[in-house]
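Please walk me through this structure, with the aromatic rings first.

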Amino acid sequence: MGNGNGRKPRRFSLPPLHRSLSARLLLLTIIFVMLAEVLIFAPSVANFRQNYLQERLAAAHLAVLSLEATPDLMIDEDLTYELLSHVPAESVMLYRPGRSPSLTLAIKDVPEPEAVYDLREAGFFTLIGDAFMTLLRSEDRRIELWGVSPKDNDSVVRMLLMEGPLCEEMWAFAWRILGLSLLISVITAALVYVTLLYVLVRPMRRITENMIAFREDPEDESRIIRPSSRRDEVGLAERQLRDLQRALRASLHRKTRLAAIGVAATKINHDLRNILSTAQISSDSLAESEDPNVRRAFPKLMQTLDRAVGLCSHILNFAREGPIHLEIAPLDLEELLNEVGTSLQLDHEDERDWQVHLPDSLNLHGDRQQLYRVFMNLAQNAYQAGATRVDVQGRAEDGHLYLDIYDNGPGLAPRARERLFQPFAASARSGGTGLGLAIAREILRAHGGDITLLRSDAQGTSFRLTLPLSQNGSQPVH
């Protein structure tokens with residue numbers, strides 16, 4: 001996308017392949033598939049070993065049955081060797097309950113076995129353990145095997161055989177399983193990788209590139225993301241990002257215009273205050289005028305000039321203050337609130353009622369001077385709006401102080417409530433700047449708290465102030 005000022009968006013380098021999300025997804029997929037194959041391999045190799053031994057039992061059963069074809073249940077040594085070589089085993093004995101005698105086929109001088117395995121009593125985990133012991137054993141050994149004959153469930157076969165051929169067969173099976181597992185892992189990982197690449201990674205990369213480009217020039221409308229037609233979480237994220245970027249761009253546009261107006265207004269206010277100050281000095285001579293109409297109008301004129309000078313001063317101070325810096329220290333909140341009440345009632349003892357109700361043993365940390373400004377602004381707003389009584393009620397809960405400030409004034413106009421904490425926009429009285437509540441919120445948020453409007457109607461207005469009971473150091477707020 002191009003932009004309106006002819007500049008091309010900067011190109012940003014994404015993470016290298018080995019650190020990218022795609023590579024990590026590919027690697028994790030291979031690892032997880034291999035882990036699944038390992039979990040499958042253990043019972044598979046145990047089952048292979050059991051099948052191998054079952055086949056040996058079946059072959060042994062058939063071999064020993066050849067004795068029944070002889071009158072004395074005996075065969076010569078050469079035939080014995082040949083029959084046992086087909087099993088393969090060194091001796092075979094067949095037990096048939098209810099039938100006697102048992103049949104035995106064995107070579108002479110067979111040594112004692114080094115291990116005995118009974119398939120009749122082996123459980124799932126026993127078979128797995130025996131299979132891995134066989135795989136890990138390096139030397140060949142003679143084992144004795146017991147099991148029910150696969151050819152006759154009523155017959156039990158006991159045989160002696162060497163474990164080496166079994167170990168070789170199991171290793172061959174293990175290598176086949178490993179090769180198949182690797183093939184399945186690679187194919188699965190590739191399919192998952194391609195799927196995730198198109199479904200997740202590429203959209204995420206597109207969103208990331210757009211966010212980086214938008215950060216460089218948020219006022220460039222062409223850098224706002226164009227959402228795809230997807231209806232899943234990615235599509236929702238794209239649409240939400242578009243709305244966020246539009247809102248941010250509009251906010252920056254307004255703030256840029258307000259900043260330009262503010263610079264001009266500051267210069268105008270500075271000159272206007274000087275002009276008004278000169279007018280104040282010049283108007284002092286009107287107090288000595290012999291014209292009764294002039295003397296009658298003089299107090300109102302001075303009051304108007306004082307209000308105009310004060311308005312200019314408030315605007316200039318707000319523009320010059322910059323970030324708020326807090327000097328945190330323990331303070332006596334009740335003493336601070338009583339001091340605010342005393343200042344408010346100096347010239348209006350019969351008109352202003354200021355009541356404070358706080359819990360005992362309340363320990364608060366904050367900037368005393370800044371909090372004094374908050375309470376003074378709120379109180380002056382209430383009294384200047386027509387209230388005659390203001391109540392402050394507090395409670396401590398979960399490490400925070402909650403102060404509810406009530407007044408019996410006429411309430412705020414609906415238009416004023418809509419833009420209550422916006423500078424220059426929320427004043428409900430003639431000559432007001434609308435800075436009091438904006439400054440109060442800024443100071444409270446610098447402390448980690450906030451201010452909200454609880455209600456405002458014909459019976460009065462109430463605000464809730466929230467403050468943490470403890471603070472850490474000085475905190476500048478921008």
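A search of the whole structure, which is a predicted model, finds 4 aromatic pairs. Rings of Phe, Tyr and Trp (its six-membered ring) pair if their centres lie within 6.5 Å; planes under 30 degrees apart count as stacked, over 60 as edge-to-face and the rest as tilted. One of the pairs is Phe41 with Phe132. Their ring centres are 6.2 Å apart and their planes stand at 75°, so this pair is edge-to-face. It links distant parts of the chain: Phe41 lies in helix H1 (residues 21–64) and Phe132 in helix H3 (residues 124–136), 91 residues apart. Helices (H or I, at least four residues) and strands (E, at least two) are DSSP runs, numbered from the N terminus.

Phe41 has 16% relative accessibility, so it counts as buried. Phe132 has 29%, so it counts as partly exposed.

Tyr95 and Trp146 form a stacked pair, because their planes are at 15°, with ring centres 5.7 Å apart. This pair also links distant parts of the chain: Tyr95 is in strand S1 (residues 91–95), Trp146 in strand S4 (residues 142–149), 51 residues apart. Tyr95 is partly exposed, at 30% relative accessibility.

Now the strands. Two strands pair if DSSP finds at least two bridges between them. S1 pairs with strand S5 (residues 152–162) in the antiparallel sense, over 5 bridges. There, Val92 stands opposite Met159 in S5. S4 also runs antiparallel to S5, joined by 8 bridges. Gly147 stands opposite Val157 in S5. S4 and S5 form a hairpin, with 2 residues between them.

Next, helix H8 (residues 368–384). The expected span of a helix is 1.5 Å times one less than its number of residues. The 17 residues of H8 should therefore span 24 Å, and its end C-alpha atoms are 24 Å apart, which agrees. Its buried residues include Leu371, Phe375, Leu378 and Tyr383. At the start of H8, a side-chain oxygen of Asp367 reaches to within 3.1 Å of the backbone nitrogen of Gln369. Just after H8, Gly386 takes a positive phi of about 120°.

Residues are numbered from 1 along each chain as its sequence is written, and side-chain values use heavy atoms, with hydrogens and water left out. In this predicted model, local features need pLDDT of at least 70, side-chain atom pairs count only at pLDDT 80 or more, and totals for chains, interfaces and linings use all residues.

Methods. Buried < 20%, exposed > 50% of the residue type's maximum accessible area, 1.4 Å probe, protein only. Polar contact = N/O pair within 3.5 Å; in protein donor to acceptor, adjacent residues only side chain to side chain.
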